[in-house]
Amino acid sequence: MKNHLLLLLTIGILSAGSSRTISQTLNPEVTAEELRSHIRFLASDSLAGRRSGTPGNEMAANYIAGKFSEYGLLPAGDNGTYFQKFPFVAGAKPGPNNSLAFGYGGKTLKFTPEETFRTLAFSSDTSLSAGLVFAGYGITDTAQSYDDYAGLDVTGKIAIVLRFSPGGDNPHSPFTEHSSLRVKTFNAREHGAAGLILVTGPTDSEEPKLAPFSFDQGFSSSGLPVVSITWNEVDSVFASMGQSLKSVQEGINKETKPNSFPLDATAT
């Protein structure tokens, strides 16, 4: 954005070099010091990065418009001004009506927003009730002969997937390129999952915690409902089946071998 803004300003100033000859009070030449002065202001800390929609951005826009007017450039924006309005998404936050509940062992476990579950920024806006499956780390890596979805039917179901990889959050792990939330979500969708639940496992965090909301404008909707939940809630489901999430995760990490299976539970 900075480069585009400075380029626009530079083009405008250079273009003004010829139009400024209409005024005998202005120097028709653009000097290096003049350009430095513009850049010095637009790059100054007082504009705080000029992010869209911020006061710093408005100050920069008004500065440029003022210089265009001073140099005699004709306005070509909205309503005869130097400005053109356009819509953009500045951010996102979870909606107030999000809900999640597990049904298993004849009981219902309800989750608390922002405490035990969080709808993620790239989740689609929909309602869903389906069976649960545990899909390990949700990774399909043919180069490593590793596939958490091999032999697992997730069509129309909600996949519970661990964050990171069998290599943890090690950036040098051979699974690093498959470890992002984006890739895990797309992989779940490609395997037919109707929804995705992401979990920071007990070997990655002793304290149960949620994945960050992390708004990404380039990933505004994944086409799936996606939430993050705390690992102890998942462990409750595993315990009802005589399993332990920590033991399962440790086994996957140690053997670098998938261990995926359907869960005797549903999510709504």
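**Entry 1: Arg118 and Glu114.** I looked up this pair first, keeping in mind that the model is predicted. The two side chains form a salt bridge, with N to O at 2.9 Å. Next I checked how open each partner is. Glu114 is partly exposed at 41% relative accessible area. Arg118 comes out at 16%, so I log Arg118 as buried, given the 20% cut-off.

What does Arg118 touch, leaving out residues up to four places away in sequence? I found Leu210, Ala211, Pro212 and Phe213, plus Val226, Val227 and Ser228. Arg118 itself belongs to strand β3, residues 117–119.

**Entry 2: Lys67 and Glu70.** Here the closest N and O atoms of the salt bridge are 3.5 Å apart. Both residues are in helix α3, which runs over residues 55–70, and they are 3 residues apart, about one turn of the helix. I wanted a reason for the pairing geometry: an α-helix has 3.6 residues a turn, so residues three or four places apart point the same way. Glu70 is partly exposed, and I noted its relative accessible area as 41%.

**Entry 3: Asp153 and Lys157.** I got 3.8 Å between the closest N and O atoms of this salt bridge. Both ends are partly exposed: Asp153 has 47% relative accessibility, and Lys157 has 26%.

I then followed up on shared partners. My tally for the model is 5 salt bridges.

**Entry 4: helix α4.** Which residues of α4 (181–190) are buried? I listed Leu181, Lys184, Thr185, Asn187 and Ala188. They sit on the same side of α4, because the arc they cover around the axis is only 165°.

Next I asked what that buried set packs against. The partners are strands, namely β5 (140–141), β7 (158–162), β8 (195–199) and β9 (226–229).

Last item: I checked the backbone just after α4. Gly192 has a positive phi there, about 95°.

Methods. Residues numbered from 1 in each chain as written. Predicted model: local features only at pLDDT ≥ 70, side-chain atom pairs only at ≥ 80, totals over all residues. Heavy atoms only, no water. Salt bridge = Lys/Arg side-chain N within 4 Å of Asp/Glu carboxyl O. Helix = DSSP H or I, 4+ residues; strand = E, 2+ residues; numbered from the N terminus. Buried < 20%, exposed > 50% of the residue type's maximum accessible area, 1.4 Å probe, protein only. Arc of directions from axis to C-beta. Contact = heavy atoms within 4.5 Å.
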